[in-house]
Structures are given as structure tokens and as C-alpha cells.
Amino acid sequence: MNEHQIEAVLSLLEGCTLAELISHFLSLSSPLAQAFLRDITLTLETILGHPDTQAHAREFLFNYFLSLMTSEVTNLATKESGWHFSARNASASQIQAFSIENMASQFEKRSPILWRLLGTLLLPYSLRSAATKLGTLGSSTQSLFNQQIMDEEAESEYWAQEEERLGCGSGLNKSENDTEGPRTAKRQRRAAERTPALHRIKRVVIVSILIMSKNQRCNALPSIIGIFCHSTSMPELAIEMLAHMGLSISLTSIHNMVSSLSDKSHLELRRMTSTLTASFAYDYFDIDFQSWLPTIEKPGSTLKHATSALAFPLSHGVTADDLRCSAELWTSDPYNISIPRELRPRSYTWMDCLPLPEPAETPSLSLRLIAWHFRHSLVTFVEHFSRFSNDLHHPETVLKIPHGQKTPIVPCRSMDINQSTSDGQAQIIENILAQAHLGDPTDTPGVTDIREYVSLWHGDLRTGELIDLARRSRSIESKPVRRLQFPIFIMGLFHYQMACVDAIWRMFIEPIGAHQDPEGLYQQICRVRPHDSGRIASKPSFHMMHDIIHQCAYARMLDCWRLHVKKLGFPSLEAYGDTKPSWDSIIQHSLSLAQTYLDKPTAQDEGFRNNSLILARLIQYVELSHTMKHGDIGRVEATFLHWIFVFKSVGKHKYATHLIKTIINMRYRYNDRLKYAIRSFLNQWGRC
């Protein structure tokens, strides 16, 4: 369109503003109007780029965008948004239900423009223009994060610092310049997962500051940060600084929040324990009270030993009547000095822990369970046999107590008591009873009477020993509660599992001579984890050993399969799988493997003898982990006898003694209802 045509059009529009023209034009449905809408972006860019209209257009867009952002922030700050939090009325359920991912999803849904704006602003400068071209921070932006990770190696190295700190640096086949390979790829993969998550967290923090500025009651995230800072003993000056920045609530609000949580926990504790089906777990913790200036009154150590405790209800249908057997157990208690010598129950030994006679079965239950793990390794890790996954099923059950809903846990008040002595253990139990409002009404009027009941107490093995000492020293008391007749100590299965891992480490890894065996467990670990060999030989963590034992056990089981099919005339497992064997034949072969390759201490071949012993210990640990995970407490108890002898052989005599005591109590002293309650208790605290 030339200049004369434009002047002619303008002359026809005298008395009509441009805004009225555009408004009327947009109301039409003509092709010309549709073309105008398609070119609206170009029209706006023209207005914003012209010197005469640029300032006015930018001012208008700024005010419009400011109004839009303010509206979104105001909408998030309302009570209906769900982010108001009252520190004075805080409860544990509110803290447990808090999710920053849920917060991010709600912010993104209720304020999409603000969320996109922050996402673009927080991207590195080199990637911001690319994100602007995309026009959104959705799935397409994931490629930008990946590009950022590949271009900025320093960030990947930052996230790898913890892994490098935990690594030993003395693994086999590792050179000083070995910076590439699986570990580098793993770091980059982890960084690729963390960077978008951190990006969302930053946006949540910024939006939280904005909505808290609009409404002080909209303080969900600052409240969580404040209670976290309090729980980690952060200096009050630092908390005040975070509060001034809008990242935390004030110290007064934090103290109100702690008081509210304490009061509600105390009420919940009394409600739970009044049913007489509550159990308790406790352990020590240390506090180091640093002093600015030592004084004569406090010349000793600043380290303080205290105790924390938890209460939780027994589930799976356990009732108070199941625990109403205190008097019955006292009649056979070895600490009961009122029993005449000639009527005292006989002492039991490990011989009484041997398996009870079973109906003649071929093969036995234990052999069938071990054979199942051989089949599981074959079907899971060899692709040619994955077609049998529907036939594998779970192993046979002995006494399965399925995992129910999440167990509610109520914290008790911390106690300034050192639990390293038997007297300290007695004080802890009495303190917990006082908090729970339990005891002997003749001593403390108004409390819930527990004289006829027992209760289950959980702790480490040392705790159980000290409780026994306290009960022995108080056995002369005349009242059941005073002589601690009610507590039954139960060692958690997780402690048992850690002891098994330590026993395997002591048996096959700690001896220096075992490191030289090319077929030994240590050399296998060096091949599986070459970067962690030094740490494994010195002081490995439980989780590391747990993973390694499973890896090595499955590898050895597959090696047994390889040797077995080689005897059948097949060069490899894949070749055997190509013949399409039946599931029944695989079951028979797995039973043969369990009989042939485990626990052969009299074998003539030294290498075969050692490997059979190693695999027998590893596969028993795999069996223990599997049964704990799936809640078959009967199979867990079946492993006790095996590990008693292992513990004895490696010098863990206290664990062996406790397992013997547990078997004897479950077999000879406890009635069926109490045994069910104890097994339910173990099932709650034994999951990996």
C-alpha cells in the first residue's frame, strides 16, 4: 500500500479513533480480520519498535503485566489457596503432609505466567534466549537442562563431591587420569535429575517470599524451614537473618510451633498408650554444649548424653488381652527368686534350638527355598529365561504377616538420662511410663494399670543386656511394676541384618589372607566395585555391603547355573535357553544346584570347598533380606539357627546368645497370643 492509498483511507476515518476501528475490525469474521490476527505479533513489534510509540507502549505493557503478576500473587496468598499455616496450632500431621513438589505443582497451576517468568529468569544467560524462543518451560526445556549439564562440567563435579568423599581412591585398575567412564556418566545422570528439581525449588522459594509479603499468614514453607533450623540447632542469629529475608518464621513463632507439637504429641501419646497395646523404642543421642568461656563450675566435658524415645501401636489385630500374661511369665522367669530351687525351670542350651522333627519330605523346605533363589537369579538376569517370570511366583510362606498401613509413631519427650548403665535403663523406662501415664495405681493414683500386662521394648543389643541387668537387680521388689516385670525386650531385625553383614565381612573380607584368593569374595568385589575396594576392605557402610552381597550372590548363582548346564552338554546358558526347557525341568535343576554347590566343607577340591561356603553364607543373607521385605516372619525365624553358628565362628557371641534366648522364649515360654504380638512387632520394625 502506497502513501496516497494510506492518506485516502485515513481521510475516510475522520471522527473515528484507531482503537474504535481495531475493536470493530476484530468483531468481524472476514478473512481480512483473520489475517490481521495472524499478524498481530508483527503489529505489536512495530508499535514497540517505533521511537514515537515505544515509551508509551512499554509503559502500558509494564502496567498490564504488573497488574497480572500482582493478581496471581494475591490469588496465591488467599486462604483458599491452602498455604496458610498457623504455627501456634501446628501438628505433626501437617508437617508430614507438607510436600514442596505439591507446592510447586499448585503454584504452576494457579500462577502460570509468574511461574514461566521465574523459570526463564533463573536459567543461565546462555540458555535464556533459547527458552524465550520456546515460549514455555515445559517438556521442551528438559533439553536445555541437559545442555546446561553437558556444557558446565563444574556443576556435575559439585554434585559428585559427596561420592568422591566417600570413595576410597585406591580401587584396582584405576589410574590418576581416569576421569571418564561409568562414574562420570553416572554423575552426569544424577546431575541431570537434580538440576530441574533444584530449578523448581528455587521458583517455589521465590513465590513463597512473594505471597508471604502479601499475607503474613501464608507461611507454609517458612514454617517448615523454621522448624528444620530449630531441629538442627542453627544459631538464633542465623534464624533471625532468614526470617528477615522471608525464608523462615520468627523465633517466637518457632517456639510456639514447638510448644504446639509437644502438647499434641503428649495428648496423642496418652491416647495411644491407654489401649495397653503401645510399644516403645528408644536410643541415646549426644549433645555438645559449647561454652564461650570455661568456668570452675563446669570444668568437665561439654558432651551431654541423653535419650530419645518413640511410641507406636501394635497392629495386625493385636489386642490388650494378647499381652495380659505378666503373671504367667513371672512364674517361669529365671529372675523370680520366690520360686523354690526344686521347682525352677531347667536351663536351656543351643541344643534346644535345633529344628523340631518334621514330616519326611524330599526335598526339605529349606532346600526348596534356596532353590527358589537359584531360579530367581536365572529368570531375572538371563534374558533367555525371562519368559518364565509369570511362573516364578513368590517362594513358599511359613508364617506371613502382611505389611499393613504405615505405622503411626508418636515421639516422647527427650530425657536427660544416660542409658549406658542398668540404673539408667530403669530410669528411662520409668520416665517413659510417666509420660504415657502408665504404672501401678497403688503407687501413682490415676495412671492406667499395667500390672497384669507386658509391653514390648525395642533397642539395640546393649539396651537389652542392660534391661536384663536392671530386672535382675530389682527382682527382690514385691510389686510387678517396681521389679520391671512387664518389659519384654525385642531386638529389631534391622540390627540382626546388620550383624549378619558384619559377620560376612569378618569371615571373608577382613582376613588379609582372603584377599589373595583369586576366587574369594574380596577379589570378586574388586571386580564389581573397583573404585571402592579400599573402603570395603577397611570400613564399608551397611548399605554398600548389602548391595554388594546381593550382586555377588546372584553372580555366583549364575556361575553355578553355567557350570551345571555345561555338564549337561550346553556351552552357555543362552544355548540352554534356546532349547526351550520346561519350567518343571528348571525346578529340578535348581534343586540339584542347591544340593550340589552349597556348604561342602569336606570337598577335596579346595577352590570348590571355599566357594561353596561363601555362596552358602551369601545366599542365606539374600534369603533373610527377601523374607524381611515380604513379611514372612516364619522364614526369618528359620534363619536364626544358621546365623547362630556363624556369629559364634566370627566372635559375635552376644548376638548368638540373644538369638538362642529368642528361640527358647518363642518355643518354650511364650503363649501363642504373645508370640503373635511379638511377630507383629518384628514385622513392623524389620523392613529394609
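**View 1. Serine 233 sits in the loop between helix H14 (220-231) and helix H15 (236-245).** This is a predicted model. Serine 233 is not a glycine, yet it has a positive phi of about 60°. Its relative accessible area is 63%. Serine 233 therefore counts as exposed.

**View 2. Lysine 580 lies in the loop between helix H26 (573-578) and helix H27 (583-596).** Its phi is positive, near 55°, in a residue other than glycine. Relative accessibility is 60% for lysine 580, so this residue counts as exposed.

**View 3. Arginine 635 belongs to helix H29 (residues 633-638).** Arginine 635 counts as buried because its relative accessibility is 3%, and the cut-off for buried is under 20%. Its side chain makes a polar contact of 3.4 Å with the side chain of histidine 626. Neighbours within four places in sequence aside, arginine 635 is in contact with Leu369, His373, Pro395, Glu396, Val398, Glu623, His626 and Thr627.

**View 4. The largest nonpolar core has 123 residues.** Those with the most contacts inside it are Phe374, Tyr496, Leu521, Phe647 and Leu674. Helix H25 (residues 542-567) gives the most to this core, with 13 residues.

**View 5. Phenylalanine 374 and the residues it touches.** Residues up to four places away in sequence are not counted here. Phenylalanine 374 touches Met557, Cys560, Trp561, Ser590, Leu593, Ala594, Leu598, Leu615 and Ile619. Phe374 is one of the residues with the most contacts inside the largest nonpolar core.

Definitions and conventions:
Residues are numbered from 1 along each chain as its sequence is written. This is a predicted model: local features need pLDDT of at least 70, side-chain atom pairs count only at pLDDT 80 or more; totals for chains, interfaces and linings use all residues. Side-chain values use heavy atoms; hydrogens and water are left out. A nonpolar core is a set of buried Ala, Val, Leu, Ile, Met, Phe, Trp, Tyr and Cys residues joined through side-chain atoms within 4.5 Å. Buried means under 20% relative accessible area, exposed over 50%, partly exposed in between (1.4 Å probe, protein chains only). Helices (H or I, at least four residues) and strands (E, at least two) are DSSP runs, numbered from the N terminus. Contact means heavy atoms within 4.5 Å. A polar contact is a pair of N or O atoms within 3.5 Å; within protein, one must be able to donate a hydrogen and the other to accept it, and residues adjacent in sequence count only if both atoms are side-chain atoms.
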